[in-house]
Amino acid sequence: MKEIKIKSINLNVFYGEKQALFDVNLSLNEKEVTALIGPSGCGKSTFIRCINRMNDVIDICKVTGTIEMDGFDINDKNLDVVSLRERVGMVFQKPNPFPKSIYDNISYGPKIHGKGESKSELDFIVEKSLRKAALWEEVKDRLDEPGTSLSGGQQQRLCIARAISVNPEVILMDEPCSALDPIATAKIEELIDELKETFTIVIVTHSMAQAVRVSQKTGFFHLGKLIEVGKTDKIFKNPDNKMTQDYITGRFG
Amino acid sequence: MTKDKRLAKRHRSEKIFKFYGLLSIFISLLFVLVLVNNIFSKGTSAFTKTVIETEVFYNQDLLDLEYGASKDEILDADFFDVTIESLLLIYPTNGLDEEKQLINLFSTDVEIEIKSKFLNNNDFIGKKVIIELTASDDIDQLHKGNYPRDLPEDRRRISDFQLKIFDKLVENGNIKKTFNNYFFTKGDSRDPELAGIGGALVGSFYSILICLLLSFPIAVLASIYLEEFAPKNRITDFIEININNLAAVPSIVYGLLALQILLSTIHLPRSTPLVAGITLALMTLPRIIIPCRASLKAVPPSIREGALAVGASKFQSVFHHVVPLALPGTLSGTIIGLAQALGETAPLILIGMVAFVVDIPSSPIDPSASLPVQVYLWSESAERGFVEKTSATIMILLSFLIVMNFLAVYLRQKFEKRWN
């Protein structure tokens, strides 16, 4: 049994009057991939955006309950959100490289955190991150071309490399393959499989097949509630809950 | 209705719409053409002036100057007699009245022209030199063909005697047109042949510079704060509405505000580019804030999120990513705002820029004219010389505006990122 990296306790999220999450208790294991599935608007993305406090950006968003990472509350007043995001990276639904060079895309994070003091250190971090994201061979000769000139799949791997560059402990992925074709998707999935050796990964996905392929643990959300969570094998072969059964067999959602 | 008929009807309505579109473009182009044609046909002649080649005798006795006289001595010397003596030689005159008519063929600055020529070449003393002297406005207009000659004498500004001299000068080839340097280097004057936009150009330049220095930083900081940092609540909504309202306030209201506060209360110097620049900056602020906010808003949120997700602070995400991307739109908005300010007349009239200023301002706190106000001033004058100068000033003003707008479009197209 792996150790618990992140644990949410009675997590409630409100957008203004509307409640988006109801008493979510979910724990994520270290160096494992946890998939979150569920129909649109069920709160999966809201949940992972709580882990790196991306919801802070939204004025009307209010979070109650706690999320603990390595036993510390991430909503603690003394915790700087910047250092939290240094430890918890994120990859978004649509590839969003900065409209700068490939090199600058990767080196930006280390630079602002003071991790690459010299040019050679930065070069090293850029190469390491791109290699980890399985993109190095494709872009090593054109690092000063804009990141936006890459193909969709390459852009998404660039974003993964950008997330890796600050050496986080956790990577959150919000439907990372929804804008990609099957071949690019296969590459990303392969990559996720390798990355879980180093990072704790949470992936939100609409593809049941993807959840089965990449994850060890799966949580099923419905209407803001965590309906069922367990080992991926069990959830897809023999779920306890009728609703989970209906969703994975495609009866709704 | 059959299917074919319906289809034909659809095609027809599309054709009619296209025709109306073309027609409206044609009409608007026609208006532009009429305007440009009107301005050019009146204004181009202002860029040349008429000069009369005259033999000037720098008579040592009349000047009372030694060889190698110093600059101060020359400046002190009286050139009046030399001038009159030389001018009278171009045509035989009979009596004081004819002499006066002859001298009136030349600009009122003729003595100064003769003196300044001598200042640059003080070895002219005792010599006869042929100098191109600026003609008076009446001769200038006659030479450019703007004055009819076939009217009876009492309805002409030029007498029969003057016409005779003129014809003689033309016959001998002593009268010709040259580039009108006075138009660009001199300030305003009561005499059209000596009036120029030099003062207005410098005045407008100082005003716009002050306007830019004040409005750009304030507008950009205000936009960034409102767009990126301010909480979205009633107060910011109220501010937003009022910025839009301010952009629509008639410019003369800003003039009244400046009159009351800058001139009457703070006692800043009247009719100066300093006050003009501050007034125009007030007017331009909302006009820069609006496009600046729009271009900040056009930066997709995913860029902000991307920066925040790697641990950038709010400040870093805004200044490292959002602001550089919004900069082309901001700059082009600023340039268009300044172009509007450059052409603004009403507020400047209220703060006293309509004053008759002959000197070219040497600093922003000297009284000064400005280009649009100069147009306004000259358009009220009846002399034909001012009519062409009005149009020529409009041409200069328009060419500045065209260059600025072109620059704005260029910046936007060249540097702006497109998001799909």
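Because the model is predicted, local features were considered only at pLDDT of at least 70 and side-chain atom pairs only at pLDDT 80 or more, whereas totals for chains, interfaces and linings use all residues. Residues are numbered from 1 along each chain as its sequence is written, and chains are lettered from A and ligands numbered from 1 in the order in which they are written.

Helices and strands are DSSP runs numbered from the N terminus, a helix being H or I with at least four residues and a strand being E with at least two. Two strands pair if DSSP finds at least two bridges between them. In chain A, six strands form an open sheet in the order β6-β7-β8-β3-β9-β10, and the pairing is mixed. The edges are taken by β6 (88-91) and β10 (225-231) of chain A; each has a single partner strand, so one side of each lacks a neighbour in the sheet. On average, neighbouring strands of this sheet are turned by 15° against each other, direction ignored; here axes are lines fitted to C-alpha atoms (for helices over the stretch in contact), and angles run from 0 to 180 degrees between N-to-C directions.

Strand β8 of chain A (residues 200-204) pairs with two strands of this sheet. With strand β3 (residues 33-37) of chain A, the pairing is parallel over four bridges. Within this pair, Val33(A) stands opposite Ile201(A), and Leu36(A) stands opposite Val204(A). With strand β7 (residues 170-174) of chain A, β8(A) is again paired in the parallel sense, over five bridges, and Leu172(A) has Val202(A) as its bridge partner.

Five of the five residues of β8(A) are buried, so the strand is largely enclosed by the rest of the structure. In a regular strand the side chains alternate between the two faces of the sheet. In β8(A), Thr200(A), Val202(A) and Val204(A) lie on one side and Ile201(A) and Ile203(A) on the other, and both faces are covered.

A further open sheet of chain A has four strands in the order β2-β1-β4-β5, with antiparallel pairing. Its edge strands are β2 (18-29) and β5 of chain A, each with a single partner strand, so one side of each is left without a neighbour in the sheet. Strands β4(A) and β5(A) pair over two bridges in the antiparallel sense, and Met69(A) has Phe72(A) in β5(A) as its bridge partner. The loop between β4 (61-69) and β5 (72-73) of chain A contains Asp70(A). The phi angle of Asp70(A) is near 50°, a positive value in a residue other than glycine. Asp70(A) is partly exposed, with 13 other C-beta atoms within 10 Å. A positive phi, near 60°, also occurs at Asn167(A), a residue other than glycine. Asn167(A) lies in the loop between α6 (152-165) and β7 of chain A and is partly exposed, with 18 other C-beta atoms within 10 Å.

In chain B, helix α1 (residues 3-43) packs against helix α18 (residues 384-415) at an angle of about 125°, with the axes 7 Å apart. The two helices are therefore oblique to each other; angles under 35 degrees count as roughly parallel, over 145 as roughly antiparallel, 65 to 115 as roughly perpendicular and the rest as oblique. Residues are in contact if their C-beta atoms, placed from the backbone, lie within 7 Å. Ile39(B), Lys42(B) and Gly43(B) of α1(B) meet residues of α18(B) that include Val387(B), Glu388(B) and Met395(B).

Helix α17 (residues 371-379) of chain B is mostly covered, with seven of its nine residues buried. Among them are Leu371(B), Pro372(B) and Trp378(B). The buried residues of α17(B) pack against α10 (198-229), α16 (346-350) and α18 of chain B.

Between the chains, 16 residues of chain B are in contact with 21 residues of chain A. Elements giving two or more residues to this side of chain B are α14 (301-309) and α15 (314-342). The largest share, six residues, comes from α14(B).

Technical notes:
Two residues are in contact if their C-beta atoms, placed from the backbone, lie within 7 Å. A residue is buried if 20 or more other C-beta atoms lie within 10 Å of its own, exposed if 12 or fewer, and partly exposed in between; C-beta atoms are placed from the backbone.
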